[in-house]
Amino acid sequence: MLGLKCIHDIVVNAIDYLHIDIPVALHLDHGTTREACEAAIEAGFSSIMFDGSHLPFSENLAITRHLVELAHARGISVEAELGTIAGSEDGIVNSTVIYADPQECYTLVSETQVDCLAAALGSTHGLYKGKAKLGFTEMKAIAERVKVPLVLHGGTGIADEDMRKAIACGTAKINVNTENMYAWCQEVKAILSADTGHDVNDPRKVIGQGLKPVRDMIARRIELFGSQNRY
């Protein structure tokens, strides 16, 4: 593992080298320990997520408050999580969905001053088996009460109309990754399957080709979320 500081430096140098002129966020997703989040803050990440949803509420609140104080002193934003998002991500597996409690959401936000909140309301990490069933009524009620942007994890497989509805209910950050990885894998599989003469033996020749469907997927999501020309 190269470490968080190395990742930070690679991203910063890439922004400079490519003359990127739009805002770029370097975000730690699902930091499940205080130490992991502190390391990302120290490395210079622009935002962190502390996922204390597996902890007792009081402990989740205390660690979130500590991280907010540490991060805000450096101009870094913090995302917190309540409830349980089903599915598997980064080795973390949850078999059930537990909706976030509205009162706990309000207490966590008001007592920590966290910047955004991932309130579990029916979404799932990974590929869905069937149609996603999101709690829009709860989503709107929580958003109106906490007064900070909500975050929707497990965006892959959610219908476009439900994405738009979630945004209308107060969701301002949507995590979508599984579909990007799937698109890359399918493209690379197709290239290798067509290589009946076994001429492709250099991974550098296929890695880049696998990125095209990922770019196309991201472009569609930017348009769907209404994020184009918003910087």
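Colleague: How many salt bridges are found across the interface of domain 1 and domain 2?
Modeller: The rule finds one salt bridge there, in what is a predicted model. Asp-160 pairs with Arg-221, and their closest N and O atoms are 3.7 Å apart.

Colleague: Which helix gives the largest share of the side of domain 1 that touches domain 2?
Modeller: Helix α6 (residues 160-168) does, with four residues. By type, the residues on that side of domain 1 are four nonpolar, four polar and two charged.

Colleague: Where are the two domains in the chain?
Modeller: Domain 1 covers 4-175 and domain 2 covers 177-230. The contact takes 10 residues from domain 1 and six residues from domain 2.

Colleague: What area do they bury between them?
Modeller: About 710 Å² is buried between domain 1 and domain 2, with 64% of it on carbon and sulfur atoms.

Colleague: Turning to the whole structure, how many salt bridges does it hold?
Modeller: It holds 10 salt bridges. One of them joins Lys-212 and Asp-216, with the closest N and O atoms 3.0 Å apart. These two residues are four apart in helix α9 (residues 211-224), so about one helical turn separates them.

Colleague: And which parts of the chain does the pair Glu-42 and Arg-74 link?
Modeller: Their side chains meet in a salt bridge at 3.1 Å, N to O. Glu-42 lies in helix α2 and Arg-74 in the loop between α3 (57-72) and β3 (77-82), so the pair links distant parts of the chain, 32 residues apart.

Colleague: Is Glu-42 buried or exposed?
Modeller: Glu-42 counts as exposed, at 55% relative accessibility, whereas Arg-74 is partly exposed at 46%.

Methods:
Residues are numbered from 1 along each chain as its sequence is written. This is a predicted model: local features need pLDDT of at least 70, side-chain atom pairs count only at pLDDT 80 or more; totals for chains, interfaces and linings use all residues. Side-chain values use heavy atoms; hydrogens and water are left out. Domain bounds come from an automatic or database domain assignment. Contact means heavy atoms within 4.5 Å. Buried area is the accessible area (1.4 Å probe) that two parts lose on being put together, summed over both. A salt bridge is a side-chain nitrogen of Lys or Arg within 4 Å of a carboxyl oxygen of Asp or Glu. Ala, Val, Leu, Ile, Met, Phe, Trp, Tyr, Cys and Pro count as nonpolar, Asp, Glu, Lys and Arg as charged, and the others, Gly among them, as polar. Buried means under 20% relative accessible area, exposed over 50%, partly exposed in between (1.4 Å probe, protein chains only).
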